[in-house]
Amino acid sequence: MDADLFWLSDRQFARIAPHLPTDTRGKPRVDDRRVISGIIQIMLSGARWKDAPSAYGPRKTLYNRFQRWAAKGVWARLFEALAQSGGPPAELLIDSSAVKAHRCASGGKRGSDTRPSADRVAGARPRSTR
């Protein structure tokens with residue numbers, strides 16, 4: 001196996017195997033472990049389906065399995081089951097976004113003057129002019 005490719009370990013596949021669909025009709029499915037590893041490889045790399053490495057089998061199989069299982073809700077049920085079965089995560093990720101705002105974004109030319117809300121204006125006395 002190529003070291004640059006993603007492959008599910010025996011332990012990982014054993015955890016997800018009970019959650020895979022068993023209601024297949026017609027031809028039996030090809031190797032689930034190989035196909036799921038290929039789907040994960042594509043998701044991790046961000047590559048196009050047609051650029052999937054041939055080690056995972058036919059590219060159309062990867063795409064079709066991903067699309068069909070997404071439509072049937074298999075992925076959502078699988079992720080939910082895995083999330084509920086595990087303990088605390090080994091890694092926690094916190095997303096932080098920093099967005100710069102223009103100096104006039106808080107209210108135009110007058111800057112950061114506070115303005116009363118419509119409710120306050122309706123029940124408040126008129127302001128005196130300076």
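This is a predicted model: local features need pLDDT of at least 70, side-chain atom pairs count only at pLDDT 80 or more; totals for chains, interfaces and linings use all residues.
Residues are numbered from 1 along each chain as its sequence is written, and side-chain values use heavy atoms, with hydrogens and water left out. Local features need pLDDT of at least 70 and side-chain atom pairs count only at pLDDT 80 or more, while totals for chains, interfaces and linings use all residues.

The protein contains five helices and zero strands, where helices (H or I, at least four residues) and strands (E, at least two) are DSSP runs numbered from the N terminus. Along the sequence the pattern is α-α-α-α-α. The accessible surface comes to about 11,000 Å², and carbon and sulfur atoms contribute 53% of it; areas were computed by the Shrake-Rupley method with a 1.4 Å probe, and for residues only the protein chains shown count as cover. Of the 130 residues, 21% are buried. Here buried means under 20% relative accessible area, exposed over 50%, and partly exposed in between (1.4 Å probe, protein chains only). Among contacts (heavy atoms within 4.5 Å) with a separation of 6 or more, 51% are accounted for by residues 24 or more positions apart.

L62, R65 and W69 are buried in α3. These residues cover an arc of only 70° around the axis, which puts them on the same side of α3; the arc is that of the directions from the helix axis to the C-beta atoms. K60, R68 and A71 are exposed on the other side of α3. The cover over the buried residues of α3 includes α2 (32–45) and α4 (74–85). Just after α3, G73 adopts a positive phi of about 80°.

Rings of Phe, Tyr and Trp (its six-membered ring) pair if their centres lie within 6.5 Å; planes under 30 degrees apart count as stacked, over 60 as edge-to-face and the rest as tilted. By this rule there are six aromatic pairs. One of them, the pair of W75 and F79, is stacked, at 6.3 Å centre to centre with 25° between the planes. W75 and F79 are four residues apart in helix α4 and so are separated by about one helical turn. W75 is buried, with a relative accessible area of 9%, whereas F79 is exposed, with a relative accessible area of 52%. Ring pairs join W49, Y63, F66, W69, W75 and F79 into a cluster.
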